[in-house]
Amino acid sequence: MRRVPLAILISGRGSNMAAILEASRNPQWPGQPVLVVSNRPGAGGLDTAAKAGLATASIDHKPFGKDREAFERELDRVLARHGVEFIALAGFMRVLTAWFVRRWTGRLVNIHPSLLPKYPGLDTHARAIAAGDQRAGCSVHYVSEGVDEGEVIEQADVPVLPGDTPDTLAARVLEEEHRLYPRALAKALRAYLERKDGAA
Ligand code: GRF
């Protein structure tokens, strides 16, 4: 089976990126990470990726000001240069325009730290605690034009415990994110290979 050339987009520490890189060491895993891109030049995850021998790029969004599409056109050029066919967003803190999302539809996935459709957007753990939810979790989903609204691929859940703060709950959810993302991403990559190449 062919492995799909994959880019991982980050903005920070990149612990989900590291989990994906680890999974991809198995030759049966259907993606081949070829590039890690950050929109923040100081993102800790860039070092982790470089140490793992991966190509990295930092494309600072700030010089593009409000012109989101100009930033994305540059991003798209870098992705093309590396032969990328599929993108995993992993803590990438930029909302993408309809132009970019349409261009990558079905080949663009994200991890979100809530049980979607609950709590799209920010502060998911604080909102789950404030609502008195018994379960919290994470979702891997296709990216669509609405923020955190695309089709869910897979979810994982954890209990909300008495005395939980947003930080303690986030740590419990993050452990599940690291298990969920490589698994759900593999599923999406296999579906893509089937659609594109007719591969099993
Ligand atoms: C994760 O909780 C992810 O779900 C959210 O941002 C965080 C990124 O963490 N979108 P990391 O950079 O992968 O460590």
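In which helix does Ala128 lie? The third point below takes up this question. The model is a predicted one, in which local features need pLDDT of at least 70 and side-chain atom pairs count only at pLDDT 80 or more, while totals for chains, interfaces and linings use all residues. Residues are numbered from 1 along each chain as its sequence is written, and side-chain values use heavy atoms, with hydrogens and water left out.

1. Helices α1 and α2. Helix α1 covers residues 15-23 and helix α2 residues 44-51; they pack at an angle of about 15°, with their axes 9 Å apart. Helices (H or I, at least four residues) and strands (E, at least two) are DSSP runs, numbered from the N terminus. Axes are lines fitted to C-alpha atoms, for helices over the stretch in contact, and angles run from 0 to 180 degrees between N-to-C directions. The angle makes α1 roughly parallel to α2, a term for angles under 35 degrees. The residues that make the contact are Met17, Ala18 and Leu21 of α1 and Gly45, Thr48 and Ala49 of α2; contact means heavy atoms within 4.5 Å.

2. Burial of α1. Seven of the nine residues of α1 are buried, so the helix is mostly covered; buried means under 20% relative accessible area (1.4 Å probe, protein chains only). The buried residues are Ser15, Asn16, Met17, Ala19, Ile20, Leu21 and Ala23. They pack against β1, β2, α2, β4, β5 and α6.

3. Ala128. This residue lies in helix α5, which spans residues 124-130. Ala128 counts as buried because its relative accessibility is 4%. Leaving aside neighbours within four places in sequence, Ala128 is in contact with Tyr119, Asp133 and Leu169. Ala128 and Leu115 are 13 residues apart in sequence and 9.6 Å apart in space, C-alpha to C-alpha.

4. Nonpolar cores. A nonpolar core is a set of buried Ala, Val, Leu, Ile, Met, Phe, Trp, Tyr and Cys residues joined through side-chain atoms within 4.5 Å. The largest one has 40 residues, of which Ile8, Phe86, Val109, Tyr181 and Leu185 touch the most other members. Among the elements that each supply at least two residues of this core are β1 (4-10), β7 (152-159) and α6 (166-197). Helix α6 gives the most, with 11 residues. A second, separate core of 20 residues includes Leu35, Val37, Ala57 and Leu89.

5. Ser38. Strand β2 (residues 31-38) holds Ser38. Its relative accessibility is 0%, and Ser38 therefore counts as buried. Not counting residues up to four places away in sequence, Ser38 touches Ile10, Ser11, Ala43, Leu46, Ala57, Ser58 and Ile59.

6. Backbone points to check. Most residues other than glycine have a negative phi, and most peptide bonds are trans. Leu116 and Pro117 are joined by a cis peptide bond, with omega about 15°. Pro117 is placed in the loop between β5 and α5. Tyr119 is also in the loop between β5 and α5 and has a positive phi of about 55° although it is not a glycine. With a relative accessible area of 16%, Tyr119 is buried. Asp148, in the loop between β6 and β7, has a positive phi near 60°. Asp148 counts as buried at 14% relative accessibility.

How values were computed: Parallel < 35°, antiparallel > 145°, perpendicular 65-115°, else oblique. Buried < 20%, exposed > 50% of the residue type's maximum accessible area, 1.4 Å probe, protein only.
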